Structures are given as C-alpha cells and as structure tokens.
Amino acid sequence: MSRVYNFSAGPAVLPEEVLKEAAAEMLDYKGTGMSVMEMSHRSKAYQEIIETAEADLRELMNIPDNYKVLFLQGGASQQFAMIPMNLMKNGEADYIVTGQWAKKAWQEAQKYGKANKIASSEDKTFSYIPDCSDLPISENADYVYICENNTIYGTKYKKLPNTKGKVLVADVSSCFLSEPVDVTKYGVIYGGVQKNIGPAGVVIVIIREDLITDDVPEYTPTMLKYKTHADAASLYNTPPAYGIYICGKVFQWLKRQGGLAAMKERNEKKAKILYDYLDESRLFKGTVEKKDRSLMNVPFVTGNPEMDAKFVKEAKAAGFENLKGHRTVGGMRASIYNAMPIEGVEALVAFMKKFEEENL
C-alpha cells in the first residue's frame with residue numbers, strides 16, 4: 001500500500017527520509033548491534049545521540065548560551081503545571097487565552113497562584129488573536145503566557161504581545177521549527193514534538209538560565225523542577241530515548257532543507273495554495289480572520305454539517321487522511337506541518353475543487 005497524505009494535527013506526518021533512515025537503523029544502530037530502542041540511556045552511543053540533537057536544535061534556532069534545552073516527558077500539558085510551579089515567585093501570572101490549550105494552561109495555573117486572564121478571543125470562538133499592544137499587565141505578574149499557534153482554531157500570533165518587561169512564556173507545540181524565532185524574546189519557549197518534530201512522548205523546553213532555581217514550593221515533585229533536569233542534562237531519569245533520537249534526525253533533515261528560513265518560505269507557499277482556494281471557493285470557507293491565519297493548521301467548513309461529513313468520508317477514500325475538524329469546532333482541518341510536501345496540499349486542493357463541482 002502506498003502512503004497516504006496525512007493531515008493529522010498530531011501525532012502527525014514525519015519526513016519520509018527520516019522514517020527510512022530510522023527503519024534502516026532499527027536492528028543495528030551504527031554497528032552497535034542493537035536498536036536505539038534497546039540502548040542504555042547512559043551508553044556512549046546514546047550520549048552522542050542526545051548531545052548531537054541538542055547541538056543541532058541550538059544551531060537551527062540560534063539558541064543563546066544562557067538558555068538550557070531540556071528534553072522532557074508529560075507532553076505540553078504537563079508544562080501547564082510545571083510553569084507556575086517553577087516560575088510563580090510572586091504567586092501571580094497573566095494569561096492570554098486564544099484557544100483550548102491556552103485556556104487549559106490558565107485553568108491549571110489557578111491551582112498554584114493567581115492566574116489573570118488579561119485578554120481572550122473566546123467571544124468569537126477563538127477565530128482571531130486579540131490586540132496585545134497595550135494589555136493590562138499586572139504589576140505583580142511573574143510572567144505572561146501565550147499559546148503562539150492554536151492547533152484547533154488555526155490562529156497564530158504574527159506579533160508577540162507587549163509584556164511591558166515581564167517574562168514571556170510561549171507554548172509553540174504546533175509551530176515549532178516552522179519559521180525562524182528570536183529566542184531572546186522569550187523566558188520559556190516549549191512544545192510537544194508530535195506535531196512538527198517527532199513521535200509523541202517528548203516535550204522540548206527552552207528556558208533562560210536565570211529562571212531555573214531551587215526556589216520552588218516545597219510540594220513541587222522532584223521530577224517537576226526544571227533544575228532537576230537542567231542539572232542532569234535531561235538524563236535525570238530514563239528519557240524518552242527513541243523519541244529524542246527521531247527528533248534529532250528531524251533536526252538534521254531541517255538543516256539539509258536549508259534551515260528555518262527555508263522552511264518558512266516553503267510553509268508560506270503551501271499555506272497560500274490552500275488559503276487562496278478557500279478565499280475563492282463557493283463551497284468551502286476558512287474560519288479564521290485573515291490577518292491571524294496559521295501556516296500550520298487550516299480549519300475550513302462548508303456551512304453544512306452533512307456536507308462536511310460527506311467531504312471527510314470521500315477525502316479519506318481518496319487517500320487524504322485525518323481531515324475531520326476537532327470535535328469542539330466541527331468542519332475540517334488540514335494540518336500542513338513541515339513534513340507535508342507541497343504536492344500533498346496541491347492534491348488536496350485539486351480534490352476539493354472536484355468535490356465542489358460535484359456538490360454545488
């Protein structure tokens with residue numbers, strides 16, 4: 001069977017080159033006579049895998065020396081608790097709620113201190129990013145939190161909020177490595193890798209060193225302290241070893257593609273093909289304000305739930321997988337991450353045009 005075009009929001013499509021490399025090394029990694037899956041995380045071979053992965057990520061993102069890179073577990077959702085546990089020194093933080101995951105993070109933070117919702121786009125089903133140029137930032141806030149790309153709703157911050165000098169914390173799960181970023185603008189930038197980087201099970205946290213301290217509430221579990229993992233170079237306990245190995249392969253693949261500037265150009269080109277069609281279609285329409293559209297997640301609807309269901313069914317039969325929208329929104333969603341080839345987007349648009357002709 002040939003491979004389908006997989007538009008899943010996560011776990012999501014991976015570069016075919018990477019899958020083939022991993023397959024070739026499955027039984028014998030570089031002459032060790034064993035798979036990376038079977039390898040001790042304390043071995044010399046694995047040490048090299050994790051160190052190379054970190055070095056390549058630092059190079060791709062141009063991460064300054066005063067930031068630590070941590071390969072952790074628990075997904076982005078565990079960070080919803082880790083962040084306030086480690087950073088809420090004054091017991092207060094500000095949250096901008098632009099989707100389900102930012103909302104969950106804000107709700108979780110309320111367990112550890114005062115979490116202020118200082119802006120939200122919930123009034124219009126999270127279909128836009130609020131103006132963040134002059135927010136009511138709390139004097140006492142330890143940080144300002146955002147989810148930079150909203151996987152479910154298909155919105156993306158094109159300009160970071162004015163935090164008025166406060167530390168910015170960003171969940172970048174679904175736009176990780178899709179374009180160049182200035183890491184120095186963030187105190188913490190983190191994301192689950194299963195959307196744009198690797199298999200589920202790894203979350204990468206890039207955190208400024210001055211934010212890593214022992215000064216956390218005494219109830220904070222050892223495993224939920226950034227310092228525990230920073231001091232042990234992400235090897236305090238057995239890490240998600242195989243997942244990190246695949247992430248490392250994806251970093252090398254990204255370097256071969258020309259790095260993040262090249263990816264941004266490619267991602268803009270792919271997204272334009274789909275958005276241009278949605279803007280002219282008589283059947284399908286996008287659900288997000290144009291200025292806030294994500295390059296990674298593109299939600300769209302026909303306006304008729306039966307027609308939506310028919311489209312998803314016929315698309316699946318034609319080899320386009322995982323186009324059903326998130327259950328909270330309905331409709332359709334095409335996630336077009338780094339590893340989705342431009343041919344996949346062109347083929348989807350051609351299929352949508354044909355469906356439109358047959359159903360209007």
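## Close-ups of rings, strands and cores

**View 1. Strand β9 sits between two partners.** Strand β8 (residues 167–171) runs parallel to β9, and 3 bridges hold the pairing; two strands pair if DSSP finds at least two bridges between them. Helices (H or I, at least four residues) and strands (E, at least two) are DSSP runs, numbered from the N terminus. This is a predicted model, where local features need pLDDT of at least 70 and side-chain atom pairs count only at pLDDT 80 or more, while totals for chains, interfaces and linings use all residues. Residues are numbered from 1 along each chain as its sequence is written, and side-chain values use heavy atoms, with hydrogens and water left out. Look for D171, which stands opposite Y190 in β9. With strand β10 (residues 203–208), β9 runs antiparallel, joined by 5 bridges, and here I189 stands opposite I206.

**View 2. Both faces of β9 are covered.** V188, Y190 and G192 lie on one side, I189 and G191 on the other, and all are buried (under 20% relative accessible area; exposed is over 50%, partly exposed in between, with a 1.4 Å probe and protein chains only). That makes 5 of the 5 residues of β9 (residues 188–192) buried, so the strand is largely enclosed by the rest of the structure.

**View 3. Strand β3 and its neighbours.** E92, D94 and I96 point one way from β3, A93, Y95 and V97 point the other way, and all are buried. In a regular strand, side chains alternate between the two faces of the sheet. β3 pairs with strand β4 (residues 114–120) in the parallel sense over 6 bridges, with E92 opposite K114. To get from β3 to β4, the chain passes through helix α4 (residues 100–109), and this β-α-β crossover is right-handed (with the strands pointing away from the viewer, the path from the first strand over the helix to the second runs clockwise). On to β5: it runs parallel to β3, joined by 2 bridges.

**View 4. Two tyrosines stack up.** Y95 and Y145 form a stacked aromatic pair, 4.8 Å centre to centre with 25° between the planes. Rings of Phe, Tyr and Trp (its six-membered ring) pair if their centres lie within 6.5 Å; planes under 30 degrees apart count as stacked, over 60 as edge-to-face and the rest as tilted. Y95 is in strand β3 (residues 92–97) and Y145 in strand β5 (residues 143–147), so the pair ties together parts 50 residues apart in sequence.

**View 5. Lysines over rings.** The charged end of K117 sits over the ring of W106, 4.5 Å from its centre, and K124 lies over the face of Y128, at 5.7 Å from the ring centre. A charge counts as over a ring if NZ of Lys or CZ of Arg is within 6 Å of the ring centre and within 35 degrees of the ring normal.

**View 6. Inside the largest nonpolar core.** This core has 87 residues, and among those with the most contacts inside it are I206, F251 and F284. A nonpolar core is a set of buried Ala, Val, Leu, Ile, Met, Phe, Trp, Tyr and Cys residues joined through side-chain atoms within 4.5 Å. Helix α6 gives the most to this core, with 10 residues. A second, separate core of 33 residues includes L70, L72, Y143 and Y153.
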